[in-house]
Each structure stands twice: as structure tokens, then as C-alpha cells.
Amino acid sequence: MRAIRMSTFGEADVLQFVDLPVPEPGPNEVRVRLHAAGVNPAETYIRAGTYAFFKPDLPYTPGFDGAGIVDKVGDGVSRLRPGDRVFVAALLAKRNTGTYAQMVVCDADAVHPLPESISFRQGAAIGVPGLTAYRVLFHRARIQPGEIVFVHGASGGVGLLVVQLARAYGANVIGSAGSKEGMELLRQIGANEVLNHSSPGYLDKIPALTDGHGADVVIEMLANVNLEDDMKVLARYGRTVIVGSRGSIEFTPRLAMMKEADVLGTALWNAPHSEYISSVYGIAAALEAGILKPVIGQELPLEKAVQAHTDIIHQKGARGKIILSIE
Ligand SMILES: NC(=O)c1ccc[n+]([C@@H]2O[C@H](COP(=O)([O-])OP(=O)(O)OC[C@H]3O[C@@H](n4cnc5c(N)ncnc54)[C@H](OP(=O)(O)O)[C@@H]3O)[C@@H](O)[C@H]2O)c1
């Protein structure tokens, strides 16, 4: 099979497009013939060998997310059979040969039915972003219907799904994007208000948008830039949840003290099994109900994994998820 493989850690060009033997599923494992794979920022940190949560043995095929058709099941698998449409969410799988490939073998627990209404391309956008979106809203921020949720960085893989889930749960959602196209997309998917985080003074609009109340919850995609400002736009007793951060920031603790506000972190890697399972059920239900409709912003063929890794970190103006399409 054709696959991406890395034999050393480093820049994006360590990702090689190669031929590999087709992997065999063992007991309680499933082989999926993939049509698309999701590309997540974490996979670039793993590729560089600098990621705190995971440093794989080499050689390594990256990728936790994908969608396709079950090809073969191992002994003990009764929930899935060959021919099933599925999505793969294998971040926490014990065995995962990597979704940047024509075939992946992973734990059956990481493979879930894909509703007919969701394309394989969209299915590749569910795993890490979907489970993160669910976890941040319901396990960490514990949002309530009627609350004001500001999704600071809403135009990418995680942010769009956060907006869709929060809206469906009854939150009043403000989303930010860094481009006109991203802002338009946020309006289309139902954000109540949209801000441009590339425009100076954009946060000054939040008091007027919230009748002076501020945001009950901020979901933050770039905390090293925004954490201090998030605390300023937060309502009293509010919560900021850090999803993404790429550096450090000088921070005034008094801002949290004055509002009795909480700063929470989230990392999907830490999800206890019970919360992982409830996230999977929640996401599956939201897909079935048409609440979650993943949006693909950029699609590249599998052999362009190097470009996908470069773009996901450096490109500005996200309009959804970056995926690799697989022949
Ligand atoms: N903690 C976890 O468990 C977890 C899980 C998944 C992802 N993450 C992290 O969360 C972040 C987002 O992941 P993703 O998959 O959604 O990435 P993505 O698809 O690349 O999206 C990045 C988002 O960040 C926005 N952004 C850029 N500059 C910003 C700024 N100054 N202020 C606010 N937002 C800004 C982008 O908006 P524009 O492009 O429109 O400017 C875009 O909406 C990454 O850092 C990723 O590593 C963490």
C-alpha cells in the first residue's frame, strides 16, 4: 500500500511517500481502507520530535484521524464488519499504524460508524477536532444553555466544531476568524456574532455584543497571544479554556482574581476512558442529528503530506479542516 512514513524526526520533508506492506489486524483490531485522513497541528509537533505527550518509535506513519470502509476485522470484533462506512479516531488507540496511508489497522474501539449523510472527507475531520470540541465544551468548560461562549480562533478544524456544538446546545456564540472568508464561514455555520482577530481593537466590541456582560466562556486556540485579553473580555465567574498555545505570555493574575475567573487547560491525551467514551457517543449523536457538519477548507492528495504539514502551521485564513485525500 502507499503510505507516508518518517524514519527521523525533523522538518516536514522527513515525510516520505513510500510503499509498505498491508498491515494485518490482530485480535480486537480492525483494518480500514481509507478514503481521507485528517491533518492535525499535533502531528507536526510529533513529527518534529518535540511533542510532550507522544514520541513514537521510528519508522512511523503519522495520522490519528481518517474515514473509509472496514476491510477486515480481527478475532473478537463483532461490532463492525467488512463493508461498514466508518471514521477512525485513533489518538488514544494502543495500536495505530497511522492514517496517512491507504490502509490503517487500529483497535476496534477507535473505529466508529459514519452516518450516510457525512462524506468520507468530512469523516476525516472528526477524530481529534470533534473529540476535542466535545471535551472542551462539556467536560472542561461545562457550558450551560444561554451562556455566552467566545470561540477565539473559530475558523479551523477544532473551532468550527466547537461553534456548531455550542450553538446546538443553546449557547450564544461569538466566533473569531482572521480572514473575510473565515468570518463568512462562521456566519454560515450559525455563529451569532463574528469578529476578525486580525483587525486591531476587535475585542473592544465584546462588551456591546454582550450587553456589558462579557463572555461566560472563552475557548482559546492561541493562548500565548490572547490569554491576557481573554481575561479582560470574560464575565465575572467566567472560564477560559486553553486548547492551543505555542509559546509563553506575560499574564496579570489580578485579572482572574477580580472576576473570580478560572483558567482551565484541556488536552485530549488526558481524557479518562469514561470521558473519551462519552465524547464518542456525543459526537456520533451530533453527526446523526445533523448538528455537526465538518467543513473541509483544504484538500491535498496523500503524497502532498509535506505541504499539508507546512500549511497547517503557517497558513493564515483557515476555512475549515485540512485533509489528505487517498486513492
Ligand atoms: N488541547 C488539545 O487537546 C488540542 C486538540 C486539538 C488541537 N489543539 C490545538 O488547538 C489549536 C487549533 O487546532 P486546529 O486543529 O483547529 O488548528 P487549525 O485548523 O490550524 O486552526 C487554527 C485556528 O487558530 C486561529 N488563529 C490564528 N491566529 C489566531 C489569533 N491570533 N487568535 C485566535 N485564533 C487565531 C485560526 O484562525 P485564522 O486562520 O482564521 O486566522 C484558526 O481558526 C492548535 O494549536 C492545536 O495544536 C489542541
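Is Asp 229 buried, partly exposed or exposed, and what is the relative accessibility? Asp 229 counts as partly exposed, because the relative accessibility is 29%, a value that lies between the 20% and 50% cut-offs. The model described here is a predicted one, and the domain assignment of the protein divides it into domain 1 (2-126 + 294-325) and domain 2 (129-269).

**Domains and their interface**

- The C-alpha centres of domain 1 and domain 2 are separated by 28 Å, and the contact between the two involves 22 residues of domain 1 and 18 residues of domain 2.
- The size of an interface is often expressed as the accessible area that is lost when the parts come together.
- For domain 1 and domain 2 the buried area is about 1500 Å², and carbon and sulfur atoms contribute 69% of that area.

**Strand E11 and its neighbours**

- Strand E11 covers residues 215-220, and because 6 of its 6 residues are buried, the strand is largely enclosed by the rest of the structure.
- Strand E8 (residues 148-152) pairs with E11 in the parallel sense over 4 bridges, and within this pairing Val 149 stands opposite Val 217 of E11.
- E11 also pairs in the parallel sense with strand E12 (residues 234-242), here over 5 bridges, and Ile 219 has Val 241 in E12 as its bridge partner.
- Together with helix H7 (residues 223-233), the strands E11 and E12 make up a β-α-β unit that is right-handed.

**Two individual residues**

- Gly 175 belongs to strand E9 (residues 172-177), and it counts as buried because its relative accessibility is 0%.
- Leaving aside residues up to four places away in sequence, Gly 175 touches Phe 150, Val 151, Ala 154, Leu 186, Glu 193, Val 194 and Leu 195.
- Between Gly 175 and Arg 187 there are 12 residues of sequence separation, and the C-alpha to C-alpha distance is 8.8 Å.
- Gln 144 is found in the loop between helix H3 (127-140) and E8, and with a relative accessibility of 44% it counts as partly exposed.
- Gln 144 and Leu 165 are 21 residues apart in sequence, while their C-alpha atoms lie 12 Å apart in space.

**Salt bridges**

- Side chains of opposite charge can pair when their charged atoms come close, and by the rule applied here the count comes to 12 salt bridges.
- In one of these, the side chains of Asp 71 and Arg 31 meet with an N to O distance of 2.6 Å; this pair links distant parts of the chain, since Asp 71 lies in strand E4 (residues 65-73) and Arg 31 in strand E3 (residues 29-38), 40 residues apart.
- Arg 121 and Glu 299 form another salt bridge, in which the closest N and O atoms are 2.6 Å apart; Arg 121 lies in helix H2 (residues 120-123) and Glu 299 in strand E14 (residues 296-301), so the pair ties together parts that are 178 residues apart in sequence.
- Arg 121 is partly exposed, with a relative accessibility of 37%, and Glu 299 is likewise partly exposed, with a relative accessible area of 35%.
- The salt bridge between the side chains of Lys 232 and Asp 229 has an N to O distance of 3.8 Å, and because these residues are 3 apart in helix H7, they are separated by about one helical turn.
- Lys 232 counts as partly exposed at 48% relative accessibility, and Asp 229, the residue of the opening question, counts as partly exposed at 29%.
- Salt bridges that share partners join Glu 24, Arg 31, Arg 33, Asp 71 and Lys 72 into one network.

How values were computed
Residues are numbered from 1 along each chain as its sequence is written. This is a predicted model: local features need pLDDT of at least 70, side-chain atom pairs count only at pLDDT 80 or more; totals for chains, interfaces and linings use all residues. Side-chain values use heavy atoms; hydrogens and water are left out. Buried means under 20% relative accessible area, exposed over 50%, partly exposed in between (1.4 Å probe, protein chains only). Helices (H or I, at least four residues) and strands (E, at least two) are DSSP runs, numbered from the N terminus. Two strands pair if DSSP finds at least two bridges between them. A crossover is right-handed if, with the strands pointing away from the viewer, the path from the first strand over the helix to the second runs clockwise. Domain bounds come from an automatic or database domain assignment. Contact means heavy atoms within 4.5 Å. Buried area is the accessible area (1.4 Å probe) that two parts lose on being put together, summed over both. A salt bridge is a side-chain nitrogen of Lys or Arg within 4 Å of a carboxyl oxygen of Asp or Glu.
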